[in-house]
Number of protein chains: 2
Amino acid sequence: MMQMLVDRIKKDGVIKHGNVLKVDSFLNHQMDIELINEIGKEFKRLFADCEINKIVTVEASGIGIACITAQYFNVPVVFAKKSQSINIDGDVYSTQIESFTHKRTYDVIVSKKFLNPNDKVLIIDDFLANGCALVGLIELVTCAGASVEGIGIVIEKGSQAGGEVIREMGMRLESLAIVDSMNAATGEIFFRDADKKE
Amino acid sequence: MMQMLVDRIKKDGVIKHGNVLKVDSFLNHQMDIELINEIGKEFKRLFADCEINKIVTVEASGIGIACITAQYFNVPVVFAKKSQSINIDGDVYSTQIESFTHKRTYDVIVSKKFLNPNDKVLIIDDFLANGCALVGLIELVTCAGASVEGIGIVIEKGSQAGGEVIREMGMRLESLAIVDSMNAATGEIFFRDADKKE
């Protein structure tokens, strides 16, 4: 658990209908760059023993976090794109992911030029809920013959299956904050291991 | 002109059918974070005299550049979102922008919570072509009563009208590289003021 992040979620996170946690005032619409810098540092600390040569994320809200984090690893970022663009070569790895937030399915693609068997990848994303986006990203990376060395998530929704699914795949997953439950009536947010010291 | 960027475009930019310049190996699919750091520094140098308290961009490829740049200004980033999301409050500023690259029209929105009359905004984006995205962003910012202090663009397509449109609006626009023309047959890319020393 990253205490600074937990405190910020408690202070500025808003619980919305449908088990949605809004953190758009500091993470995924307006972005507090100072906090995201600390998030990048924390990912570096957690994955310091990993040999990473690329960070992979998916547009849109993962990109800023991935770019700031990449500064601490001195590696490039590749972001998977949602839906076909005429600017992408036909030569792409593609998969479909279902968005919990948007209630729709996206085609997600990465140009084959930017993932290869030598890549040791750290996947970064802002949220982990049902895990569909993450499973899709893992699929893109492994299709390229690259290896997923680790997965760094800012906020995991502990009440949804994603975290368990990914950990059962044998992946090394580090979530900076795990929200176990929320009380929409009182606005309380309960975190896993919240009583433990860092 | 930012010589390091011009050199990189000459080296790794690829001319595609339809006057499209692909820079996806370092700017908007795979991202060279070291280069983007230099881009952030250059924007800070160019707008050092401006009082900026927020950076505004539009998803997706502007986000990483905006976040890295924001570190030099010590300000938050707000990125406008494409199309309605159930996670966005009804209370949004919205406009429509037509994408030159994707040949389609998007609804672009910013939550009213994150733009207000006290904001002195630097708009950042990767490309300026026909200017539609930028005119849309300017509209969102001015609708909120905020002021556009400056606009920083990584690559301007000098053969398209956007730059002229924005400058004629009286906006302070700084483009780090202006591509005046491209020769698809030879792969040559011609830059404005390329012979001038920085």
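This is a predicted model: local features need pLDDT of at least 70, side-chain atom pairs count only at pLDDT 80 or more; totals for chains, interfaces and linings use all residues.
Reader: What makes chain A as compact as a globular protein of its length?

Author: Chain A holds 5 helices and 11 strands. Its radius of gyration is 16 Å, and the globule rule gives 16 Å for 198 residues, so chain A is as compact as a globular protein of that length. Along the principal axes, its C-alpha atoms fill a box of roughly 50 × 35 × 30 Å. Of the 198 residues, 48% count as buried.

Reader: How do you know which contacts in chain A join residues at least 24 apart?

Author: The count takes contacts between residues at least 6 apart in sequence, and 60% of these join residues at least 24 apart. A contact here requires C-beta atoms within 7 Å.

Reader: Why are A:Leu5, A:Val6 and A:Ile9 called buried?

Author: A residue is buried if 20 or more other C-beta atoms lie within 10 Å of its own. In helix H1 (residues 3-12) of chain A, A:Leu5, A:Val6 and A:Ile9 are buried. They cover an arc of only 100° around the axis, which puts them on the same side of H1(A). Their cover includes helix H2 (33-46), strand S9 (147-157), strand S10 (173-183) and strand S11 (188-191) of chain A.

Reader: Which residues are exposed on the other side of H1(A)?

Author: A:Asp7 and A:Lys11 are exposed there. The cut-off for exposed is 12 or fewer such C-beta atoms.

Reader: What makes you say that the copies meet through the same surface?

Author: 100% of the interface residues of chain B are also interface residues in chain A, so the same surface is used by the copies. In the contact, 33 residues of chain B face 33 residues of chain A. On the chain B side, at least two residues each come from strand S2 (20-22), strand S3 (30-31), helix H2 (33-46), helix H3 (61-73) and strand S5 (77-82). The largest share, 6 residues, comes from H3(B). By type, the residues on this side are 15 nonpolar, 11 polar and 7 charged.

Reader: Why is strand S3 of chain A said to pair with S5(B)?

Author: Two strands pair if there are at least two bridges between them. Strand S3 (residues 30-31) of chain A and S5(B) have 2 bridges, in the antiparallel sense, so the pairing holds. A:Gln30 has B:Val78 as its bridge partner in S5(B).

Reader: What makes H3(B) mostly covered?

Author: In H3(B), 11 of its 13 residues are buried, among them B:Ile63, B:Ile65, B:Cys67 and B:Phe73. Just after H3(B), B:Asn74 takes a positive phi of about 55°.

Reader: How do you know which strands of chain B pair with S10(B), and in which sense?

Author: Strand S9 (residues 147-157) and strand S10 (residues 173-183) of chain B run parallel and are joined by 6 bridges. In this pair, B:Gly152 stands opposite B:Glu174 in S10(B). S10(B) also pairs with strand S11 (residues 188-191) of chain B, in the antiparallel sense, over 4 bridges. B:Met182 has B:Ile189 in S11(B) as its bridge partner.

Reader: What lies between S10(B) and S11(B) in the hairpin?

Author: There are 4 residues between the two strands, and B:Gly187 in the turn has a positive phi of about 80°.

Technical notes:
Residues are numbered from 1 along each chain as its sequence is written. Chains are lettered from A and ligands numbered from 1 in the order in which they are written. Two residues are in contact if their C-beta atoms, placed from the backbone, lie within 7 Å. Ala, Val, Leu, Ile, Met, Phe, Trp, Tyr, Cys and Pro count as nonpolar, Asp, Glu, Lys and Arg as charged, and the others, Gly among them, as polar. The arc is that of the directions from the helix axis to the C-beta atoms. The radius of gyration is taken over C-alpha atoms; the globule rule is 2.2 Å times the number of residues to the power 0.38.
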